Amino acid sequence: MGKYFGTDGVRGLANQELTTRIAYRIGRFIGQYPNGKKNRIIIARDTRLSGEMLLASLVSGITASGSDVYDEGVSTTPSISYLVKERQFDYGIMISASHNPFYDNGIKIFSSEGEKLSNDIELLIEDYIDRIQDDLPVDSNRIGRWFHGKDLLNDYQRFLMSKITEDLSSLRILVDGANGSASKVVPDLFSKIGLNAEYIHIVPNGRNINEQCGSTHLTSLMETIQRKEYDIGLAFDGDADRLMIVSPDGALVDGDAIIYLCACYLKDKGLLKDNKVVITVMSNLGLKKALDAKGINYEITTVGDKYVQAKMKELHLSLGGEQSGHIIFLDDLNTGDGILTAIKVMCIMKNTGKSLKELLEGLTIYPQKLRNVVVRNKEYVLQHAGLKKLVEDLEKNVLKGNGRILLRASGTESLVRVMCEAETNEICNEVVNQLVNYIEDLII
């Protein structure tokens, strides 16, 4: 990770950490890279208040460098990944802070292949952002233009519709749009394909994105789904690149469970490439045991959908993802797409004639406790000898080989994430509380 770019682009408090100056400079650089090239760049945003401000700054930088911007409007991050490659743009940009509150925002950049920008280019952008003088070339005879591309969203919706392999009209669906990108895209899409869906949290006002709703705040969806008869509940995050599912009885079906049911289905159909999936260090121990029991292999990578995608691409695999709900179907798209994931799961339900509960037979999720600790120096904490010794002692004397501890730095915030998996919630709480108390007592 660099000074500005984390695991998922640039992210920070809008107008303070992520400023219009930074947005303008990102636009200026991308608008002329490499070698003063005139680029075609697609851009979209989610519904948060600062989106229009950052959009204007990015567009100003891009057009000042002589490149053209095609504005998709409010849409999803995966739509950019799809359209930048399909429509042969040079770059794609999404303005979003994903699951964060409205006062944060972010800038995610995609290459012409629909992949997250390489670390090498990110470092070049960071160097330019920090220069006192704007030393990139300008030409008064070469100024870019800003086009409003209303047809771009339609193209993305047609792509999603092409992935529907079953008649889904009989399914009863409850959707939580997180007052974000999905609020605009999903109701229109589901209406076009005749789905029987009802919606909550699809009235964004710039400030209510992810506010007690969506994939990170599931209480509302869990309570609502039990009041009527539904087959599935779908919860998106702010930019709709991740999905959490809720079963008819209000139980959580997270990214690990989604990977399990998709992997089992694809294996049964002979479609799981190399009989292997990619998961992360955060994936539940229960998922690993269930995959082992089904004879499905797995590769483990660090947290971050860009790392999952890179490993999948390296090994030519078809399925991978994160516990948080980023699921990648690499044969279809280069990045995680919550809407595509929802379509895949619903098609599996219809094809097999099985409920979510039936599809998840054989998967037992270990209790897991995760707490975030605010710190000033993440690396100091993670390298602290006393903390490492405490982890060893807890693993030996408390978990006794039947569970695990994971400490990691957040890629986008000043946090250390403390996670424990064990046989019971009581053990998880005991272990996590000891670790958090130790970290909070450090001078950090």
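These exercises work through a predicted model, each with a solution in steps.

## Exercise 1: Strand β3 and its neighbours

Task: Decide whether strand β3 is mostly covered or mostly open, and find which strands pair with β3.

Solution. 

Step 1. Locate the strand. β3 spans residues 40-45.

Step 2. Check the cover. Five of the six residues of β3 are buried, and the strand is mostly covered.

Step 3. Take one partner. Strand β4, residues 68-74, pairs with β3 in the parallel sense. Six bridges hold this pairing. Arg-45 stands opposite Val-74 of β4.

Step 4. Follow the chain between these strands. From β3 the chain passes through helix α2 (residues 51-64) to reach β4. This β-α-β crossover is right-handed.

Step 5. Take another partner. Strand β5, residues 91-95, runs parallel to β3. Five bridges join β5 to β3. Here Ile-43 has Ile-93 of β5 opposite.

## Exercise 2: Arg-40 and aromatic rings

Task: Find which rings have Arg-40 over their face, and name the residues that ring pairs link into a cluster.

Solution. 

Step 1. Start with Tyr-70. Arg-40 lies over the face of this ring, 5.0 Å from the ring centre.

Step 2. Go on to Phe-89. Arg-40 also lies over the face of Phe-89, at 4.4 Å from the ring centre.

Step 3. A charge over a ring must have its Arg CZ within 6 Å of the ring centre.

Step 4. Turn to ring-ring contacts. The whole structure has seven aromatic pairs. Phe-29, Tyr-33 and Tyr-128 are linked by ring pairs into a cluster.

## Exercise 3: Salt bridges across the chain

Task: Identify the salt-bridge partners of Lys-3 and Asp-151, and state where each partner sits.

Solution. 

Step 1. Begin with the total. The structure holds 32 salt bridges.

Step 2. Pair Lys-3. Its side chain meets that of Asp-130, with N to O at 3.2 Å. Lys-3 sits in the segment before β1 (5-6), and Asp-130 in helix α4 (residues 119-130).

Step 3. Lys-3 counts as exposed because its relative accessibility is 59%, over the 50% cut-off. Asp-130 has 39% and counts as partly exposed.

Step 4. Pair Asp-151. Its partner is Arg-87, and their closest N and O atoms are 2.6 Å apart. Asp-151 belongs to helix α5 (residues 150-161). Arg-87 belongs to the loop between α3 (77-86) and β5. The two residues are 64 residues apart, again in distant parts of the chain.

Step 5. Asp-151, at 40%, is partly exposed. Arg-87, at 27%, is partly exposed.

## Exercise 4: A bridge within one helix

Task: Explain why Lys-311 and Glu-314 are separated by about one helical turn, and say how exposed each residue is.

Solution. 

Step 1. State the contact. The side chains of Lys-311 and Glu-314 form a salt bridge of 3.3 Å, N to O.

Step 2. Count along the helix. Both residues lie in helix α10 (residues 305-315). They are about one helical turn apart because three residues separate their positions.

Step 3. Compare each value with the cut-offs. Lys-311 has a relative accessible area of 21% and is partly exposed. Glu-314 has 51% and counts as exposed.

Step 4. Look at a network elsewhere. Salt bridges with shared partners connect Asp-8, Arg-11, Lys-108, Lys-116, Asp-239, Asp-241 and Asp-305 into one network.

## Exercise 5: An antiparallel sheet

Task: Give the strand order of the open sheet of three strands, and find its edge strands.

Solution. 

Step 1. Read the order. It is β17-β19-β18, with antiparallel pairing.

Step 2. Find the edges. β17 (368-374) and β18 (404-409) each pair on one side only.

Step 3. Note the turn. Neighbouring strands in this sheet are turned by 15° against each other on average, direction ignored.

Step 4. Examine one pairing. β18 and strand β19 (residues 415-421) run antiparallel and share six bridges. Arg-404 has Glu-421 of β19 as its bridge partner.

## Exercise 6: Placing Val-381

Task: Decide whether Val-381 is buried or exposed.

Solution. 

Step 1. Locate the residue. Val-381 is part of helix α13 (residues 378-382).

Step 2. Apply the cut-off. Val-381 is buried because its relative accessible area is 0%, and buried means under 20%.

Step 3. The C-alpha atoms of Val-381 and Ala-64 are separated by 43 Å. Along the chain these residues are 317 residues apart.

How values were computed:
Residues numbered from 1 in each chain as written. Predicted model: local features only at pLDDT ≥ 70, side-chain atom pairs only at ≥ 80, totals over all residues. Heavy atoms only, no water. Phe/Tyr/Trp six-rings, centres within 6.5 Å; stacked < 30°, edge-to-face > 60°. Lys NZ or Arg CZ within 6 Å of the ring centre and 35° of its normal. Buried < 20%, exposed > 50% of the residue type's maximum accessible area, 1.4 Å probe, protein only. Helix = DSSP H or I, 4+ residues; strand = E, 2+ residues; numbered from the N terminus. Pairing = 2+ DSSP bridges. Right-handed = clockwise from strand over helix to strand, strands pointing away. Salt bridge = Lys/Arg side-chain N within 4 Å of Asp/Glu carboxyl O. Axes fitted to C-alpha atoms, helices over the stretch in contact; angles between N-to-C directions.
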